Amino acid sequence: MNCEVKSKERVGVINPIFTCQPAGAQYVSIGIRDCIGIVHGGQGCVMFVRLLISQHLKESFEIASSSVHEEGAVFGALNRVETAVDVLLMRYPHVKIIPIITTCSTEVIGDDVDGVVIKLNEGLLQEKYAGREVHLVPIHTPSFVGSMVSGYDVALHDFIKYFAEKSEPNGKLNLITGWVNPGDVTELKYLLSEMQIDATVLFEIENFDSPVMPDGNVVSQGDTTIDDLIGTANAYGTIALNRYEGGKAAQYLEKTFKIPTIIGPTPIGIRNTDTFLQNLKKMTGKPIPKSLVHKRGLAIDALTDLTHMFLADKKVAIYGNPDLVIGLAEFCLDLEIKPVLLLLGDDNSFYAKDTRIKALQEKVDFKMEIITNADLWELENRIKNEGLELDLILGHSKGRFVAIDNNIPMLRVGFPTYDRAGLHRYPVVGYNGAIWLAEQMANTIFADMEYKHNKEWVLNVW
Amino acid sequence: MPYHEFKCSECIPERKMHAVVKGPGEDITMALPLGYLNTIPGSISERGCAYCGAKHVIGTPMKDVIHLSHGPVGCTYDTWQTKRYISDNDNFQLKYTYASDVKEKNIVFGAEKMLKQNIIEAFKAFPKIKRMTLYQTCATALIGDDMNAIADEVMEEMPDVDIFVCNSPGFRGPSQSGGHHTINIAWIKDKVGQVEPKITSDYVINYVGEYNIQGDSEVMADYFRRMGIQVLSTFTGNGSYDDLRAMHRAQLNVLECARSAEYICNELRVRYGTPRLDIDGFGFEPLSNSLRKVAMFFGIEDRAQALIDEETARWKPELDWYKERLKGKKVCLWPGGSKLWHWANVIHEEMGVEVISVYTKFGHQGDMEKGISRCEEGALAIDDPNELESVEAMLSLKPDIIFTGKRPGEVAKKIRVPYLNAHAYHNGPWKGYEGWVRFARDIYNAIYSPIHQLSLLDISKDEIPTGNGFVTSGMIANAGLAEEVISAGDLRQYSGKYDCVSDLKNKIYPDFKKVTEE
């Protein structure tokens, strides 16, 4: 077998690929309208995550903290949650949904967040906020379990579980995007609209690419509504694009409401987008229109210009969110690029059983490594000390110094990508995403050829 | 000085004591906002935690150290590569971060064994690095891991390594300030006095409370070296672990950020009798006075004056060019802790701007005392501000610019207020004479940005100027200037390079012969 799947051998982490679960829950929470989350823990658990997401999106948005200090850590901090809910409701009259997101500290001290939600529902909300629609959603995301990826999965599941309510069929499809950018949502909605499919997109985050307007203050927020969430139980089908970011919620809907469900593939590249469209067709009975044949043709045209002349046999390492990494690797193979190293940054035991990873193991005809529970030292150590040669790195901004210090061109993709301008605006999914990815990979390699005087004259004629 | 009640905070009356307006003829003796109290849950405050105060602010600038956090991976990840504190050690401290990666089973069965394995692994991965700082987090504090015992065990087994333990979990205190205190005291208690340094000058200082943001401390160290002063250690920007273990051998502690690092200076005075001298690297006058004070302590005033004269002659005409163009511009000075008083008066004096509001996220009342006494009449001072109050203040005060953090800067952008990053700077360093001009330049470029001007127009109803294909910042600035100012031949725009720090590394300094014996 050419492709090996193994876990990082070291127990510790040097330069992590992911942050922890509450960050994923927070990213979910900002996708919902009239929702401000309360993170139950120390203030850093919010302040830094807000900084991280705002660096990526170049936007601000609101997430609150229960501000657990020393006495709370010692004597229990549920009173901090009660105050936080009250203060938030008093000062933000539009707020209807408050997820209460736990952290390592409040899980270790065993704060009964579910209990305090019942208490608030029966007490404060009835007494002080009677007549106001308020939903308190406990979300358990201890930082010592999983990663930001599983935090996203858990939070999405918990929101769906809380809201989804069976009534009449709504004639809609549930499309669960996973952890994507505003630009991806735009592309997915474009594909849906070309197919004339009415869908509930979780989450509607396009407005995190928000304008500076001549009047007043603009606060970026998601546009997924309570009705959208309730209605997920009444869809005729669910497609979850990412297994690890939304798969759990899709399975819940399937099991509880018998909704036909397809999980995956992440529509990165032509082939996976083709499959996505086939799945849409299968689920809706609607034909794939000529306009998408045209769009696909544009993408194939763009890729043909690049693949065998410039991209073939280039060796790439990819790290980041698992569905993204696998999708990118599959796309690279279609482009004749060799993904020689994939790094998945947490210890999810399911990775080894993932059919996509099994397929890589069975079919890849060059030496390839897939590292689970990986950190960025797994990448850097191979380059610095074990002779790994790479032509390109695909990954997020936290790995920038691996590329910079080892003179390897790198295309920023995933989350976060704060060290490049505007990447959240562009899709990596769909046909437009395929064009963007391939052309950016090529341009990244071209710029590197010029800096290094490595056959830069090749581009005199193209 | 009346307390200021924000409309958005009327429902949380305890907030009223946290904001004041500096009324006509009033001073800080009349009222002072409360400070450094527990945060109101759910208020969307901008505070961080005590872990970040210790690890992220003070620990990590140390340049030759493995910075390992004992806990789940998030604390480490979140406080990694979000600062601009550089070093001359190829930025090792920025590039590498380490987490013991505590998982559920470790929470249940204890994480001490895996911590030890972690430490050994980290040293093995970086064989040239022999120093480590270990940071506690919320999770490992609560399960009660004895990190000191593990550190001692490793040091016994690996005699060439040294490990510093900082027990400052995130919940320890109302804000990051608690962490500053903890790491200050832990360092002097556990590490100072362990290394005997080579003394190369008659005049030896520690430079304390300076974190080398974009090269600040390298700029200041350059001045000290030109005066023949040995900078034994910097606490902690561009600082070396072993140099900092030798802090007890300095003759003077020169303190920059009194908010985050006065504790260690006070302890050094108690334990070793080393005097503390508070200085200020921001602004021509405060900086010149600071250099004179340090020089006076050693009796080398002439050296300081020569440097001050040279730097002032080189850079003052450039500062004044900006001052002419920034006069009367309204500033919200909204940093984290000490910069409100470092900057409040001097940006008014030397750049001509009006400080209409100050706030502090983690400052104490002492910081507010200094800040309020230095800002303009009518200014609004806010302790532990929150999101809604900040927006309300910006909408009512209508500042021309705001100095704050990255994410609040995004809020300001949407209200069409230009922002400069008060923590990481836009194009720093901002300390030193040249740095101060760079600060003025950044303010000018923000306020007079043609794009910022365009953001104020509503194309659906405003009169839109269509005659110009472009406008320069200069054209906008000149519109409000007298002709003799525009044509003043003795003033000029900033003329330095994009990177004004790197060249300092190769600089050769005058050899002041050491006179005294050790």
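Predicted model: local features only at pLDDT ≥ 70, side-chain atom pairs only at ≥ 80, totals over all residues.
Residues are numbered from 1 along each chain as its sequence is written, chains are lettered from A and ligands numbered from 1 in the order in which they are written, and side-chain values use heavy atoms, leaving out hydrogens and water.

Chain B is split into domain 1 (50-190), domain 2 (204-308) and domain 3 (452-517), with bounds from an automatic or database domain assignment. Domains 1 and 2 of chain B also share two salt bridges, meaning a side-chain nitrogen of Lys or Arg within 4 Å of a carboxyl oxygen of Asp or Glu.

Which elements give two or more residues to the domain 1 side? They are helix H1 (50-59), strand E4 (131-136), strand E5 (162-166) and helix H8 (177-190) of chain B. Helices (H or I, at least four residues) and strands (E, at least two) are DSSP runs, numbered from the N terminus. H8(B) gives the largest share of that side, eight residues.

How much area is buried between domain 1 and domain 2 of chain B? About 2200 Å², with carbon and sulfur atoms giving 59%; buried area is the accessible area (1.4 Å probe) that two parts lose on being put together, summed over both. B:Asn184, B:Trp187 and B:Ile188 supply 28% of what domain 1 of chain B buries against domain 2 of chain B, more than any other three residues. In contacts (heavy atoms within 4.5 Å), 26 residues of domain 1 of chain B touch 27 of domain 2 of chain B.

A:Lys452 pairs with A:Asp448, closest N and O atoms 3.1 Å apart. A:Asp448 is buried at 16% relative accessibility, while A:Lys452 is partly exposed at 37%. Buried means under 20% relative accessible area, exposed over 50%, partly exposed in between (1.4 Å probe, protein chains only).

Over in chain B, B:Asp242 bridges to B:Arg131, with N and O 2.8 Å apart at the closest. B:Asp242 is partly exposed at 25%, and B:Arg131 is buried at 16%. Elsewhere, A:Glu4, A:Lys6, A:Arg10, A:Glu369, A:Asp375, A:Glu378 and A:Arg382 are joined into one network by salt bridges that share partners.

Last stop: why is helix H17 (residues 406-414) of chain B largely enclosed by the rest of the structure? Because eight of its nine residues are buried, among them B:Pro408, B:Val411 and B:Lys414. Their cover includes helix H2 (44-57) of chain A, along with helix H16 (387-397), strand E13 (401-404) and strand E14 (419-421) of chain B. After H17(B) comes B:Arg416, with a positive phi near 65°.
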